[in-house]
Amino acid sequence: MKRISQALLLCSALYPPAAHATPTPHADGPFYRHDLLALHKNLVEIPSLSGTEEDAALFLQEYLGNQNYSVELQPIPAGLNTGSNATCNVLAWPTARKPSTADFKLLITSHIDVVPPYIPYKTTPSGPITPDTLISGRGSVDAKASLAAQLIALSTLLSSESISPSDVMLLFVVGEETSGLGMKEFSRRSRSSSKVSLFGSSSDEKQYRFASAIFGEPTENKLACGHKGITNGIVRSRGKAGHSGYPQLGKSANEVLIRSLHTILNTDLGSSERYGNTTVNIGVLEGGVAANVIPKSASARLAVRVASGSQKEGHKDVIAKIEHILKETDGDALSSEWFGGYGPVKCKCEVDGFETMVASYGTDVPNLEGGHTSYLYGPGSILVAHGDDEGLRVRDLEEAVEGIGS
């Protein structure tokens, strides 16, 4: 109960805005450049590694409140996320009061968590900002660039009365980089018929419905036609320990595991014209205790990007193929454990004026249930998003604003 109270207290506080000077833009930029760069800078300067997003959520609460939005923080208590602290999704509506309706034409959403390690905000070269200025830092691309562009684009649309405030809902979620918990919790709670909140008290949470949803992720300002699915698993190998000088008296768990992994990597696990080949990343290998000891146990952690089948069943087909390989290699020594997943995810991309692409990374698109049309769009490249060189040009941010606003 104490943890729950702390979560609720956390989500009622205000985060003071960052007191850092915003680089001075050239006068020949778009009218919104200063606001766009200031917002992006503030967001990037707030560390928000997955599980520690509370400061970013509270900053957004104050920022949106100052823009006359109605804002609600949806707490996710410690223990459900990957960090030690409570975190909050941010729900907002461009109206002074929260709408009484639960039906909206458009949901605009992105995530506020980033991968480690934190990298400070930086502009290169120093001096006045131009379209070619490089902005770098953790989250500068994935996905705080999308978030900033979305908010500025919506502001321009509202100011020009191109969109009605009552048509739009904003959702900025936590945990996308790890488990997708923030979006899953929002989806679960918004579709539930129960009026009891996560904390056991009465709640006015609605069953939100949307005609369309724009998901902010780095797509190089192209509309993504979808992305590969994913499943994660562990392959384990059991052997018999012994002296390395007498291999015939033992059984190497490492050797059995390596043979199975070699076959997995060289087997067609599924492919399609749109998404290409299913790929396997062997992220972690563990096995053995010493060079002169026949290893008794070994394991490999896999991330499989699924390119074939349906969103609901595609990952199950891949798992079945891998388990067949394990059985054929050594069914007595090998076993596996899998942690859910999904097959390829389709998004709408047939829109005049936009280039298209297909992503190989995962997103929150499959974590939001409903009959809405999904669009995946945002500035920056995924190829630098998780690296030490994460960054994008000012022109990329501005093109995203124009793209969303179109």
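How much space lies in the largest cavity? The largest cavity holds about 50 Å³ of space, and the structure has 2 cavities of 30 Å³ or more. The structure is a predicted model, in which local features need pLDDT of at least 70 and side-chain atom pairs count only at pLDDT 80 or more, while totals for chains, interfaces and linings use all residues. Residues are numbered from 1 along each chain as its sequence is written, and side-chain values use heavy atoms, with hydrogens and water left out.

**Cavity**

- A cavity is a set of points, on a 1 Å grid over the protein atoms alone, where a 1.4 Å probe fits but cannot get out; lining residues have an atom within 4 Å of a point.
- Grid points are joined across faces, edges and corners, and a volume is the space filled by probe spheres set on the points.
- The lining of the largest cavity consists of Thr109, Ser110, His111, Glu176, Met183, Phe215, Gly216, Glu217, Thr363 and Asp364.
- Helices (H or I, at least four residues) and strands (E, at least two) are DSSP runs, numbered from the N terminus.
- By class, the lining of the largest cavity has 2 nonpolar, 5 polar and 3 charged residues; Ala, Val, Leu, Ile, Met, Phe, Trp, Tyr, Cys and Pro count as nonpolar, Asp, Glu, Lys and Arg as charged, and the others, Gly among them, as polar.

**Pocket**

- The largest pocket (an open set of points with protein on both sides within 12 Å along at least five of seven lines) contains about 840 Å³ of space.
- Its lining has 30 residues, of which Glu176, Thr178, Ser179, Ile230 and Tyr342 are the closest to the centre.
- Glu176 is listed in the lining of the largest cavity and in that of the largest pocket.
- At least two lining residues of the largest pocket come from each of α5 (181-191), β9 (229-238), β15 (297-306) and β16 (334-342).
- Helix α5 gives the largest share of the pocket lining, 5 residues.
- The pocket lining divides by class into 8 nonpolar, 11 polar and 11 charged residues.

- Helix α3 (residues 54-66) has 13 residues and spans 18 Å from its first C-alpha to its last, close to the 18 Å expected at 1.5 Å a residue; the expected span is 1.5 Å times one less than the number of residues.
- The buried residues of α3 are Glu54, Ala56, Ala57, Leu58, Phe59, Leu60, Gln61, Glu62 and Leu64; buried means under 20% relative accessible area, exposed over 50%, and partly exposed in between (1.4 Å probe, protein chains only).
- Asn68, which follows α3, has a positive phi, near 70 degrees.
- The structure holds 7 aromatic pairs; rings of Phe, Tyr and Trp (its six-membered ring) pair if their centres lie within 6.5 Å, with planes under 30 degrees apart counted as stacked, over 60 as edge-to-face and the rest as tilted.
- The rings of Phe59 and Tyr63 are stacked, because their centres lie 6.1 Å apart and their planes meet at 25 degrees.
- Both Phe59 and Tyr63 belong to α3, 4 residues apart, about one turn of the helix, and Phe59 is buried at a relative accessible area of 5%.
- Phe354 and Tyr377 form an edge-to-face pair, with 5.7 Å from centre to centre and 90 degrees between the planes.
- This pair links distant parts of the chain, 23 residues apart: Phe354 is in the loop between β17 (345-346) and β18 (356-359), and Tyr377 is in strand β19 (residues 373-377).
- Phe354 is partly exposed, with a relative accessible area of 22%, whereas Tyr377 is buried at 5%.
- One aromatic cluster is formed by Trp93, Phe104, Phe186, Tyr208 and Phe210.

**Cysteines**

- The whole structure contains 1 disulfide, a term for a pair of cysteine sulfur atoms within 2.5 Å.
- Cys225 and Cys349 form this disulfide, with their sulfur atoms 2.1 Å apart.
- The torsion about their S-S bond is about 95 degrees, so the disulfide is right-handed.
- Cys225 lies in strand β8 (residues 223-227) and Cys349 in the loop between β17 and β18, so the pair ties together parts that are 124 residues apart in sequence.
- Cys225 and Cys349 are both buried.
- Cys347 is in no disulfide, and the nearest cysteine sulfur, that of Cys349, is 8.3 Å away.
- Cys347 is buried, at 6% relative accessible area.
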